[in-house]
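Please take a moment to look over the sequence and the model before reading on.

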Amino acid sequence: MYGQQPILVLSQNTKRESGRKVQLENINAGKTIADVIRTCLGPQAMLKMLMDPMGGIVMTNDGNAILREITVQHPAAKSMIEIARTQDEEVGDGTTSVIVLAGEMLAVAEQFLAQNIHPTVIIREYRQALEDAVQLLQDKISVPIDLNDREKLREVIHSCIGTKYVGRWGDLAVDIALDAVNTVTINENGRIEVDIKNYAKVEKIPGGSVEESKVLNGVMFNKDVTHPKMRRYIENPRIILLDCPLEYKKGESQTNIEIVGEQDFTKLLQLEEEHVQRLCEDIIALKPDVVVTEKGVSDLAQHYLVKAGITAIRRLRKTDNNRLARACGATIVNRTEELKESDVGTQAGRFEIKKIGDDYFTFVTECKNPKACTILLRGASKDILNEIERNLQDALHVAKNLVLNPRLVCGGGAVEMSVSGELAAKAHHAAPYRAVAQALEIIPRTLAQNCGANTIRTLTALRAKHAAGEKNCGIDGETGLIVDMAQKGIWEPLAVKLQVYKTAVETAIFLLRIDDIVSGSKKKNKEGANPAEMANMQE
């Protein structure tokens with residue numbers, strides 16, 4: 001028959017690995033990524049210093065920021081990095097925990113694969129365990145929080161920030177996060193909307209000290225007035241926001257105009273001037289103090305506006321303009337002819353331009369009921385400011401999650417231990433279901449490890465306490481001792497925890513499902529390749 005010749009299905013330069021080997025490799029890749037991040041969990045977290053190819057440095061202990069900078073080869077490791085990103089986008093906090101947990105979920109699956117248990121059996125039990133854990137968290141373990149109780153909210157955000165670099169200025173950061181979220185929260189007939197990304201802008205200005213950071217009750221942006229004679233300080237300004245240029249229209253591409261006589265040219269200039277004058281008259285009719293436009297302002301327009309005592313600011317970013325509109329109650333208008341009294345923003349208390357460092361900044365503050373704000377960060381260097389901004393983002397997200405889903409669970413590994421205990425009680429002896437319960441203990445274990453406590457002794461004592469019914473006991477990340485988390489005031493939002501569990505277990509399931517990796521290596525010599533392959537190479 002065919003006998004001698006082996007049949008090649010895959011092309012020769014593809015590498016194929018299948019079966020047990022792939023599963024073990026995936027598990028190892030997951031474990032390796034988790035080991036990189038493991039020391040970044042808890043208040044005693046170490047910082048990682050990363051250099052990117054361009055030579056810039058990032059110093060951080062934010063799981064997501066670290067994994068973004070690392071380049072990895074293995075496909076399974078790449079999907080681990082992806083989950084940190086999802087976690088960050090979805091709830092903003094818990095990126096380190098989710099990686100550590102997913103790595104451990106994979107690690108505990110290894111023993112079952114060694115016993116020749118089929119991956120789908122493991123997956124089925126994992127899924128069941130996840131459902132039970134979510135049920136437990138929602139019904140049994142979490143406690144509701146009153147959003148009007150500012151002290152309680154501060155405790156929650158404080159425990160989020162405690163593990164970060166900004167922890168040293170904890171109270172300041174907590175207040176900034178709470179104020180910013182309260183400012184941008186809009187409640188329209190029961191529907192709550194918190195848009196941090198668009199309406200809470202972080203402005204980083206190197207210099208000064210971190211203590212000078214604050215939330216402005218209004219907005220600021222990096223712009224100066226267009227004409228030196230314009231006023232730089234106005235109390236209770238009337239503000240008009242425009243989206244159109246205050247100059248004559250120029251042709252998009254090359255425009256040719258034939259001029260026959262000399263008077264035609266004069267006529268042309270006159271028309272342009274009249275056009276600009278008309279625009280300015282429309283504006284002056286409403287007697288504003290400040291005009292802000294996203295486009296340019298011509299010299300002639302500046303002249304008219306200065307004569308009328310109006311301050312003009314030009315080329316403001318669209319996003320800044322939107323924030324300014326929400327803060328001072330103005331409407332952005334597209335054509336000056338359509339301006340009406342209701343479009344004028346009158347809710348700002350003060351307009352001023354200050355020089356900070358080398359740049360001029362425009363402040364529109366003391367707004368009556370701003371729905372947008374700017375967070376002003378000061379600090380010694382760019383690197384420190386970047387790290388503080390990353391930490392603040394986490395704090396803002398935690399505050400946002402609390403507004404959207406006001407339920408809490410205890411921090412410090414207490415939740416993991418109680419969920420773990422409940423799941424272990426349900427499982428029969430050596431099932432993958434029980435392994436999930438074991439895997440959850442990685443969080444308290446890592447916390448104990450990171451602050452140099454005796455891991456085995458601490459965990460055994462913690463288990464004993466939970467078995468005795470003290471469900472709020474967890475590990476104090478500062479000292480490594482076992483304390484009651486409810487008394488110490490270390491809480492986490494339920495939304496973050498749920499997302500951590502779901503993402504971690506789903507990823508473990510996803511990576512266990514893979515039993516074949518086919519990696520095609522591209523041909524080195526382009527000349528010999530046929531056109532179809534050439535096309536693939538260029539993609």
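In which helix is Ser79 found? Ser79 lies in helix α3, which covers residues 75-90, where helices (H or I, at least four residues) and strands (E, at least two) are DSSP runs numbered from the N terminus. What is shown here is a predicted model, in which local features need pLDDT of at least 70 and side-chain atom pairs count only at pLDDT 80 or more, while totals for chains, interfaces and linings use all residues. Residues are numbered from 1 along each chain as its sequence is written, and side-chain values use heavy atoms, with hydrogens and water left out.

With a relative accessibility of 16%, Ser79 counts as buried, because buried means under 20% relative accessible area, exposed over 50%, and partly exposed in between (1.4 Å probe, protein chains only). If its neighbours within four places in sequence are left aside, Ser79 is in contact with Phe510 and Leu511, contact being heavy atoms within 4.5 Å.

Two packed helices are described by the angle between their axes and the distance between the axes. Helix α4 (residues 95-114) packs against helix α18 (residues 494-512) at an angle of about 40°, and their axes are 8 Å apart; axes are lines fitted to C-alpha atoms, for helices over the stretch in contact, and angles run from 0 to 180 degrees between N-to-C directions. The angle makes α4 oblique to α18, because angles under 35 degrees count as roughly parallel, over 145 as roughly antiparallel, 65 to 115 as roughly perpendicular and the rest as oblique. On the α4 side the contact includes Leu101, Met105 and Leu113, and on the α18 side the residues include Tyr501, Val505 and Leu511. Sorted by class, this contact of α4 with α18 has 14 nonpolar, two polar and no charged residues, where Ala, Val, Leu, Ile, Met, Phe, Trp, Tyr, Cys and Pro count as nonpolar, Asp, Glu, Lys and Arg as charged, and the others, Gly among them, as polar.

A second pair is formed by helix α6 (residues 150-161) and helix α7 (residues 170-184), which pack at an angle of about 120° with their axes 9 Å apart, and α6 and α7 are therefore oblique to each other. Among the residues that meet are Arg150, Leu153 and Ile157 in α6 and Asp171, Val174 and Leu178 in α7. By class, the contact of α6 with α7 has seven nonpolar, three polar and five charged residues.

Now turn to the loops. Lys287, in the loop between α9 (262-284) and β12 (290-293), has a phi near 50°, a positive value in a residue other than glycine, and Lys287 is exposed, with a relative accessible area of 63%. Glu366, which is not a glycine either, has a positive phi of about 55°; Glu366 sits in the loop between β16 (359-365) and β17 (373-379) and is partly exposed, with a relative accessible area of 37%.

How many disulfides does the structure hold? There are zero disulfides, a disulfide being a pair of cysteine sulfur atoms within 2.5 Å. Cys40 has its closest cysteine sulfur in Cys451, 15 Å away, which is too far for a bond. Cys244 is likewise in no disulfide, since the nearest cysteine sulfur, that of Cys280, is 10 Å away. Both Cys40, with a relative accessible area of 4%, and Cys244, at 11% relative accessibility, are buried.
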